[in-house]
Amino acid sequence: MTTALAHGVPASVSRSSPQDSALEASLSFPAHPAVVPASPSHSLEQAIGSRPLAYEGSLPPALINTFQHPVHQQGPTDAKRKARLLLRVFGEIVLALQRGGEEIPVSLGTYPKRQELLAYLAWHRQGVPRDQLLEEVFGHGQPDEEAHTQRLSERFDSHRKILRRRVREALIAQGVLTEREALPAALDPFASEGGIWRLASGCQVIDLDMIQGSYGVLTQARKEGRLVQEVPREVMRACEELLAAYRGDFLASYIQRYPELVQPWEGRSSWIRKPFTQGRDWYLEALWWLGEAEWREGLTFGSPPPSELALRQQRQSFARAAQCYADYALAACATRFDSKVSFGSGGEPGERVLMSERALRRAVLLWGSLSQTGQVDQLWRAYWSQMRRISDRRWEPRRETLADLETARAQTNAYRLALQLSQQEAFSLFPSSSLAEESQSEQS
């Protein structure tokens, strides 16, 4: 799936527009879940070679469809019909067997390429030729003597058999199958036809499906021009659902655990880098538009003279917007594995760098207007440290970023001095011209 833009926030966001200027004139990665140790290696895995690998143990029921517990006693046929496979590929990769309202993790064993195989087929939902799969999953990083077709085919066939066996063992342990029964076709993770391999239709990639579906709502609203004056409620809900499903970057734990397996090889990047970057596009755009929605909602409470309730609601909306922008600023340039994180060599920095600074400016100005001195300084220290580290000390803040940082601190001080005034008078001290100045400087 590809975005309708250059893999990031929409053109109306990444490049200042008259609409964006008019709006502005009115003014980090999920922790890895608990893990379950893998089961002991079988002889076939030992023949391949293995490394220990942890597995996710807790799975949020809010992100999956569940069956109601039946009132009648299930027979084997009912149990097999109601069981299905679930796969997650964002954050920690997890394969699970869902039976009724319960999820039972399926051990993936101890060999990392087995996880990569599942994630590869999850991303290529329409299927891929066998030769392409062998080269991109099992051939990447291998010397010539290990990368010939026969050797790669043996590895693919071995891992397929092991994964099928692990699913069957989980079904037997749950009493869905007997020792004599074969793995039902509906619960086989793999399918192939005419040399094209894919995940079987019975294996649902629930986080990817949720993220892509939610992003589709946002994309459609943008195409229809419905994001110009407001962010519709259904778009806000879609952004919230996307963020809830996004429990980490694509294969984040795998990349962290096995960095040597995703390094460039003979001038070619690992296939993982593309979906990794694409997934971050979706995540960051959802964050941006959710912040935009909260900010615009806050503006609706500012008609003078505002009541105490309106002021309180406005502050809450602005605080939520500031947090979204702060999260965006810190997440955008958190890793160089993202192909859009680049600092240039004497030239213009990449998209992630430019947009992260823009998000930072919005966050500090909003927090400054709310007298949140600690939040402003804390965000700036974290952002400065991260950007200097990730850029090998090449990054320097843009002039407008430093100016808005000082403006935010000045607004904070002004607010403190104004505490002796009524809330309505204090409110009028913040005409929010700074965001308009930011937009104008970005256009120039």
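1. Basis. This is a predicted model, in which local features need pLDDT of at least 70, side-chain atom pairs count only at pLDDT 80 or more, and totals for chains, interfaces and linings use all residues. Residues are numbered from 1 along each chain as its sequence is written, and side-chain values use heavy atoms, with hydrogens and water left out.

2. Overall content. The protein chain contains 17 helices and nine strands; these are DSSP runs numbered from the N terminus (helices H or I, at least four residues; strands E, at least two). Of its 444 residues, 50% count as buried, where buried means under 20% relative accessible area with a 1.4 Å probe, protein chains only. The accessible surface is about 20,200 Å², and carbon and sulfur atoms account for 51% of that; the areas come from the Shrake-Rupley method with a 1.4 Å probe.

3. Strand β4 and its partners. Arg-84 has Gln-98 in β4 as its bridge partner. β4 is also joined to strand β5 (residues 102-105), again antiparallel, by four bridges, and Arg-99 stands opposite Glu-102 in β5.

4. Turns around β4. The hairpin of β3 and β4 has five residues between the strands, and Gly-91 there takes a positive phi near 85 degrees. In the hairpin of β4 and β5, with two residues between the strands, Gly-100 has a positive phi near 65 degrees.

5. Strand β8 and its partners. Strand β8 (residues 196-199) pairs antiparallel with strand β6 (residues 128-129) over two bridges, and Pro-129 has Ile-196 as its bridge partner. Four bridges join β8 to strand β7 (residues 190-193), also antiparallel, with Ser-192 opposite Trp-197. The β7 and β8 hairpin has two residues between its strands, and Gly-194 in the turn has a positive phi of about 60 degrees.

6. Helix α7. The 25 residues of α7 (residues 149-173) should span 36 Å at 1.5 Å a residue, and the end C-alpha atoms are 36 Å apart, which agrees; the expected span is 1.5 Å times one less than the number of residues.

7. Helix α9. Val-235, Met-236, Ala-238, Cys-239, Leu-242 and Ala-245 are buried in α9. Their cover includes α8 (206-223) and α11 (273-299).

Key: Two strands pair if DSSP finds at least two bridges between them. Contact means heavy atoms within 4.5 Å.
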